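Me: I've got a model open and want to see how its labels hold up against their cut-offs. Can you take me through it?

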Amino acid sequence: MEIMQVIGSLVCTHRVAGLGHMNLRVLRSNKGKLSVAVDPVGASAGNWVFTASGSAARFACPDPNIFTDLTIGGIIDFWAPDG
């Protein structure tokens, strides 16, 4: 799992059937890398979230047949980073 920040939404009108109607979000890691994640929890731009990646990302979705390797697992309400 990794903590990332939601930068915004990604809209794709044409997509593979395996993505269904899942919302897509653009995330930024603490090193500035951008990624796209499936969002089953309804995160908004600016939210900090934790993610599941790899094969675990599929099981974080309501339907484990969704084609994803990065899924938002939850919106962070509070956390006190070390340092």
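This is a predicted model: local features need pLDDT of at least 70, side-chain atom pairs count only at pLDDT 80 or more; totals for chains, interfaces and linings use all residues.

Me: What makes a residue count as buried, and how much of the chain is buried?

Reply: Buried residues make up 34% of the 83 residues in the chain. The label means under 20% relative accessible area, with exposed set at over 50% and partly exposed in between, using a 1.4 Å probe and protein chains only. Residues are numbered from 1 along each chain as its sequence is written, and side-chain values use heavy atoms, with hydrogens and water left out.

Me: How do you know what the fold pattern is?

Reply: From DSSP runs: helices are H or I runs of at least four residues, strands are E runs of at least two, and both are numbered from the N terminus. That gives 1 helix and 5 strands, in the order β-β-β-β-α-β.

Me: Why is Thr 71 called buried, and what is it in contact with?

Reply: Thr 71 has 0% relative accessibility, so it counts as buried. It sits in strand S5, residues 70-75. Contact means heavy atoms within 4.5 Å; leaving aside neighbours within four places in sequence, the partners of Thr 71 include Ala 37, Val 38, Phe 50 and Cys 61.

Me: Why is Met 22 called buried when it belongs to a loop?

Reply: The label comes from the accessibility value: Met 22 has 13%, so it is buried. The loop in question runs between strand S1 (2-10) and strand S2 (23-28). Beyond its neighbours within four places, Met 22 is in contact with residues including Arg 15, Val 38, Asp 39 and Ile 66. Met 22 and Pro 64 are 42 residues apart in sequence and 12 Å apart in space, C-alpha to C-alpha.

Me: What makes Asp 39 and Arg 25 a salt bridge?

Reply: The rule wants a side-chain nitrogen of Lys or Arg within 4 Å of a carboxyl oxygen of Asp or Glu. Asp 39 and Arg 25 come in at 2.9 Å, N to O. Asp 39 lies in strand S3 (residues 34-39) and Arg 25 in strand S2, so the pair ties together parts that are 14 residues apart in sequence. Both residues are buried, and the structure holds 1 salt bridge.

Me: How do you know that Trp 48 and Trp 79 are edge-to-face?

Reply: Rings of Phe, Tyr and Trp (its six-membered ring) pair if their centres lie within 6.5 Å; planes under 30 degrees apart are stacked, over 60 edge-to-face, and the rest tilted. By this rule the count comes to 1 aromatic pair. Trp 48 and Trp 79 are 5.5 Å apart centre to centre with 65° between the planes, hence edge-to-face. The pair links distant parts of the chain, with Trp 48 in strand S4 (residues 48-53) and Trp 79 in the segment after S5, 31 residues apart.

Me: What makes those residues part of a nonpolar patch?

Reply: Patch members need over 30% relative accessible area and no salt bridge; nonpolar side chains (Val, Leu, Ile, Met, Phe, Trp, Tyr) are joined within 5 Å, like charges within 9 Å. Trp 48 has 34%, so it is partly exposed, and Trp 79 is too, at 36%. Ile 3 has 32% and is also partly exposed, while Met 1 counts as exposed at 83%. Together with Phe 50 they make a patch of about 520 Å², with areas from the Shrake-Rupley method and a 1.4 Å probe, where for residues only the protein chains shown count as cover.

Me: Where is Met 1, and what does it touch?

Reply: Met 1 is in the segment before S1. Not counting residues up to four places away in sequence, Met 1 touches Phe 50 and Thr 51.
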